[in-house]
Amino acid sequence: MPEDPVTGSAHTALAPLWSGRLGRDELVGFQASARSGVVRTRVVGDRVLLTGHAVTTLEGTLNC
């Protein structure tokens, strides 16, 4: 199965850095990979909110 076109964890790490440098809470990121994708980030306190287009490829239930 192909990997996700956008790596959300990378954007959650980069958003606070670039938000601070640019003085903006909301940013738009483009991941330039073979399957490329766009993600919007918003820094709210110590959290980063991600929005973008997503497609469900697998559903399941975890039994503990």
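Q: Which residue stands opposite leucine 27 in β2?
A: In this predicted model, the residue in β2 that stands opposite leucine 27 is threonine 41.

Q: And how do the two strands, β1 and β2, pair?
A: Strand β1, which covers residues 26-31, pairs with β2 in the antiparallel sense over six bridges, and a hairpin of five residues joins β1 to β2.

Q: OK, what about valine 43, where is its place?
A: Valine 43 belongs to strand β2, which runs over residues 37-44, and on that strand valine 43 is part of the covered face, together with Gly37, Val39 and Thr41. The uncovered face of β2 consists of Val38, Arg40, Arg42 and Val44.

Q: Why does valine 43 count as buried?
A: Valine 43 counts as buried because its relative accessibility is 16%, and buried means under 20%.

Q: What does valine 43 touch, leaving out residues up to four places away in sequence?
A: With those left out, valine 43 touches Ala15, Pro16, Ser19, Asp25 and Val48, and of these, valine 48 is the bridge partner of valine 43 in β3.

Q: How do β2 and β3 pair, then?
A: Strand β3, residues 47-51, pairs with β2 in the antiparallel sense over five bridges, and the two strands form a hairpin with two residues between them, where glycine 45 in the turn has a positive phi of about 65°.

Q: Switching topic, which residue lies over the face of tryptophan 18?
A: That is arginine 21, which lies at 5.3 Å from the ring centre of tryptophan 18.

Q: And how many aromatic pairs does the structure hold?
A: The number of aromatic pairs in the structure is zero.

Terms used
Residues are numbered from 1 along each chain as its sequence is written. This is a predicted model: local features need pLDDT of at least 70, side-chain atom pairs count only at pLDDT 80 or more; totals for chains, interfaces and linings use all residues. Side-chain values use heavy atoms; hydrogens and water are left out. Rings of Phe, Tyr and Trp (its six-membered ring) pair if their centres lie within 6.5 Å; planes under 30 degrees apart count as stacked, over 60 as edge-to-face and the rest as tilted. A charge sits over a ring if NZ of Lys or CZ of Arg is within 6 Å of the ring centre and within 35 degrees of the ring normal. Helices (H or I, at least four residues) and strands (E, at least two) are DSSP runs, numbered from the N terminus. Buried means under 20% relative accessible area, exposed over 50%, partly exposed in between (1.4 Å probe, protein chains only). Contact means heavy atoms within 4.5 Å. Two strands pair if DSSP finds at least two bridges between them.
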